[in-house]
Amino acid sequence: MEEYLARIGPADEAAMAAATQRQQSLTKPAGSLGVLEDLSVRVAGMTGAVVPSPAVVTVFAADHGVHAQGVSPWPQEVTAAMLANFAAGGAAVNAFATNNRVDVRVVDVGVASDVDQLDIVHAKVRPGTRDLSVGPALTDDEVLAAVAVGFELADKLVLDGYRCLLTGDMGIANTTASAALIATFTGATADQVTGRGTGIDDATLAHKTAVVEAALVLHEVPATEPLKALAAYGGLEHAALAGYILGAAANKVPVILDGVIAGAAALVAQALHPSAVDYCVAGHRSAEPGHAVALKALGLQPLVDLDLRLGEGTGAVLAYPILCCAVRALAEMATFESAGIAAGEEA
Ligand SMILES: O=C(O)c1ccc[n+]([C@@H]2O[C@H](COP(=O)([O-])O)[C@@H](O)[C@H]2O)c1
Ligand SMILES: Cc1cc2nc[nH]c2cc1C
């Protein structure tokens with residue numbers, strides 16, 4: 001863990017200052033590209049003003065012992081079934097990724113059933129977490145093993161030539177673990193961060209909120225203990241995603257976050273190393289209420305807000321072309337000087 005964290009440093013201030021200056025000289029009224037202007041400056045601080053391509057979305061998949069408490073309307077087997085769907089190219093993330101020229105990787109970091117026959121990355125740490133409502137979901141060693149899966153995969157993907165990493169997740173019941181993690185790092189209450197996930201009714205939502213509330217009391221993990229929070233609540237995909245985000249930061253490549261699961265993992269990464277957030281871009285804002293709470297604590301503005309609540313990386317893949325446009329505008333637009341256009345009064 002120390003070795004991973006030692007490789008992370010803040011974004012390049014000088015590159016950001018130069019990018020800010022160039023932004024102001026481009027052939028458009030100052031500020032007219034809105035949020036994209038700041039985004040291009042942030043990416044310049046991560047990676048320089050080069051379009052972050054090629055890109056890959058990694059779908060980390062795992063199961064959750066807390067499923068036994070009736071917090072999701074879906075059977076646990078759907079996690080493994082969706083992995084087969086991803087591998088066959090039939091999920092929403094596959095369609096989005098094809099359209100936006102993003103490669104898809106799928107990783108079993110802790111699916112309950114055997115998915116050995118699938119053509120995916122096999123890195124199962126254990127078959128699902130233990131039930132967080134009765135005790136710790138993971139041991140300390142299991143947490144470190146799952147973080148390592150994500151960090152080392154990020155290293156490998158960058159070595160393979162990828163210049164933008166996108167997060168994805170699949171795990172029935174993982175919005176429950178996400179809620180507990182987000183409450184831990186933000187101080188929000190269970191009812192502020194617990195949502196309907198894949199679509200539960202009012203009675204199940206009340207029950208799920210009570211499960212999260214009781215778990216927060218049972219484990220009482222302070223925000224300063226991110227690895228203990230992962231051990232208390234899981235999940236294996238959250239731990240791997242935290243490692244993947246740290247790995248992107250260590251390699252100075254942007255990482256586009258998907259929804260509430262990635263938001264929870266990014267809070268873990270931030271608690272482990274505050275500079276990790278310098279490399280994070282919020283792809284979208286999920287309809288799950290905890291996600292807005294997480295984004296606020298991360299200080300990130302989502303690029304897309306379309307009521308998505310699917311996961312898989314869909315919101316990140318949807319946002320990827322926006323990120324590319326922001327960077328391309330900064331890199332390729334003419335300046336008032338080069339185009340021989342008189343700058344406006346306030347330029
Ligand atoms: O990305 C999100 O914000 C998001 C919001 C709600 C649900 N999901 C997905 O739905 C699954 C978890 O939902 P649940 O209700 O079983 O906890 C898991 O596979 C997630 O990828 C994802
Ligand atoms: C069908 C289905 C697809 C998903 N993709 C991500 N989470 C999901 C949950 C379900 C239930």
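I looked at strand pairing first. β1 and β2 pair in the parallel sense over eight bridges (strands are DSSP E runs of at least two residues, helices H or I runs of at least four, numbered from the N terminus; pairing needs at least two DSSP bridges). Ala62 stands opposite Gly110 in β2. β1 also pairs with β4, again in the parallel sense, over seven bridges. There, Phe60 has Asp169 of β4 as its bridge partner.

I noted the ground rules. This is a predicted model, where local features need pLDDT of at least 70 and side-chain atom pairs pLDDT 80 or more, while totals for chains, interfaces and linings use all residues. Residues are numbered from 1 along each chain as written, with chains lettered from A and ligands numbered from 1 in written order.

Next I checked burial in β1. Eight of the eight residues are buried, so β1 is largely enclosed by the rest of the structure (buried means 20 or more other C-beta atoms within 10 Å of the residue's own, C-beta atoms being placed from the backbone). Ala55, Val57, Val59 and Ala61 point one way, and Val56, Thr58, Phe60 and Ala62 the other. In a regular strand the side chains alternate between the two faces of the sheet.

Then I turned to α4. Its buried residues are Thr79, Ala80, Met82, Leu83 and Phe86. They cover an arc of only 160 degrees around the axis, which puts them on the same side of α4 (the arc is taken over directions from the helix axis to the C-beta atoms). These buried residues pack against β1, α5, β2 and β4 (contact means C-beta atoms, placed from the backbone, within 7 Å). Gly89 follows α4, with a positive phi near 85 degrees.

Technical notes:
Buried ≥ 20, exposed ≤ 12 C-beta atoms within 10 Å, placed from the backbone. Contact = placed C-beta atoms within 7 Å.
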